[in-house]
Amino acid sequence: MRIAYINPNATEAMTERVTEVVKTLSGTDEVIGYTNVDGPAAIQGPEDGETAIKGVLALVGTAIAEGADAIVIACFDDTGLEAARAKSTVPVLGIGQAAFTMATLLGKRFSVVTSLAVSIPVIEKNIVQQNFAASCQSVQASHLPVLTIDEGSAETRETLATAIQKTMATDGVDTIVLGCAGMAHLRDDLQRRTQGLLLDGVRASYALARACAVYANSNH
C-alpha cells in the first residue's frame, strides 16, 4: 500500500516529522511525503489556507500519478480537502477529519487544543460541516504558532501540556484532539504529562486512509 501525505505548507521539516510518525505504524506500507513549496510557511487562519489550495491540488495530481492508494492532507485545517476529493481518483482524508472520526468511533466526547486563536473559526466550521458538533465540547488555542509547536522545545511542550490539562478540567472531557500536525511527534511526551486520551490526526489518518484504500481496491 502507498499512502501519500501532502503538507499544505512550505516547511519541509514538518513534512518529514509527519511522515516519520506514520512510518512507525506503517510496516511494509510505503509512506510518501509531499511539501507544498509554493505555500505559506505555516497554515494559520483562512487566508493561509486559501493561499495553499492551488499547490495542494497540484500535489494531489502528482501523488496519484506516482501510484498513491490514498492521500492525506497533513494540516489540521483540512486545507483544500473537498477540492482534493473532487479531483482525486483515490480516497482523500484530512488529519482533522480523521481525528474527529476516530474520537467518535471510540465513543469519545472531545475538545480540541490547537495553535493560535486565528485557527479556531476554521476548525469550528469544519467540525460543524463534517457533522462532529455533537461530539465536540470546544476548540481552544494554546497561543503557540505552528512552527513553534513543530520545533517542540521543552517550554513549548510544557505550555501545550498546561493547555491540555486546563481544557480537560474546564470542559469536563477526558479526550483531547491535538489540533496541529506539528503536535504529532510530541504526542507521546504530552501523553506522559497529562491525564486522559490524546488523539492525534496524523496517526488516526493512517489507520483510516489505509482502511479506505483497502476497501476501494477491493471494489476494482
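Two strands count as paired if DSSP finds at least two bridges between them. Helices (H or I, at least four residues) and strands (E, at least two) are DSSP runs, numbered from the N terminus. The model is predicted, with local features needing pLDDT of at least 70 and side-chain atom pairs counting only at pLDDT 80 or more, while totals for chains, interfaces and linings use all residues. Residues are numbered from 1 along each chain as its sequence is written, and side-chain values use heavy atoms, with hydrogens and water left out.

**Stop 1: the sheet**

Select β1, β2, β3 and β4. These 4 strands make an open sheet with parallel pairing, in the order β2-β1-β3-β4. The edges are β2 (30-35) and β4 (92-94); each has a single partner strand, so one side of each has no neighbour in the sheet. On average, neighbouring strands here are turned by 25° against each other, direction ignored. Axes are lines fitted to C-alpha atoms, for helices over the stretch in contact, and angles run from 0 to 180 degrees between N-to-C directions.

Strands of a sheet pair through backbone hydrogen bonds, either parallel or antiparallel.

Helix α4 (residues 95-105) lies across β3 and β4, at about 80° to β4. Helix α9 (residues 201-218) lies across β1, β3 and β4, at about 135° to β1.

**Stop 2: helix α5**

Select residues 120-129 and colour by accessibility. Buried means under 20% relative accessible area, exposed over 50%, and partly exposed in between (1.4 Å probe, protein chains only). Which residues of α5 are buried? They are I120, V122, I123, N126 and I127. Their arc around the axis is only 165°, which puts them on the same side of α5; the arc is that of the directions from the helix axis to the C-beta atoms. An α-helix has 3.6 residues a turn, so residues three or four places apart point the same way. P121, K125, V128 and Q129, on the other side of α5, are exposed.

Show what surrounds the helix. The cover over the buried residues of α5 includes α2 (46-65), α4, β5 (110-114), β6 (136-141) and β7 (175-179). Following α5 is N131, with a positive phi near 70°.

**Stop 3: cysteines**

Select the cysteine sulfurs. A disulfide is a pair of cysteine sulfur atoms within 2.5 Å, and a search of the whole structure returns 0 of them. The cysteine sulfur closest to that of C136 is in C180, at 16 Å, too far for a bond. From C180, the closest is in C75, at 7.7 Å, again too far for a bond. C136 is buried at 12% relative accessible area, and C180 is buried at 5%.

**Stop 4: positive phi**

Go to D78, in the loop between β3 and α3 (81-87). Its phi is near 55°, a positive value in a residue other than glycine. Is D78 buried or exposed? D78 counts as buried, at 6% relative accessibility.

Then select H143, in the loop between β6 and α6 (146-151). The phi of H143 is near 65°, also positive in a residue other than glycine. H143 is exposed, with a relative accessible area of 59%.

**Stop 5: salt bridges**

A salt bridge here is a side-chain nitrogen of Lys or Arg within 4 Å of a carboxyl oxygen of Asp or Glu. The count by this rule is 11.

Select D150 and R17, whose side chains form a salt bridge at 2.6 Å, N to O. D150 is in helix α6 and R17 in helix α1 (residues 12-23), so the pair ties together parts 133 residues apart in sequence. D150 is buried at 3% relative accessibility, whereas R17 is partly exposed at 25%.

Next, select D29 and R210, which meet at 2.4 Å, N to O. D29 is in the loop between α1 and β2 and R210 in helix α9, so this pair ties together parts 181 residues apart in sequence.

Finish with R157, E158, D189, R192 and R193, which are linked in a network of salt bridges.

Note on methods: Contact means heavy atoms within 4.5 Å.
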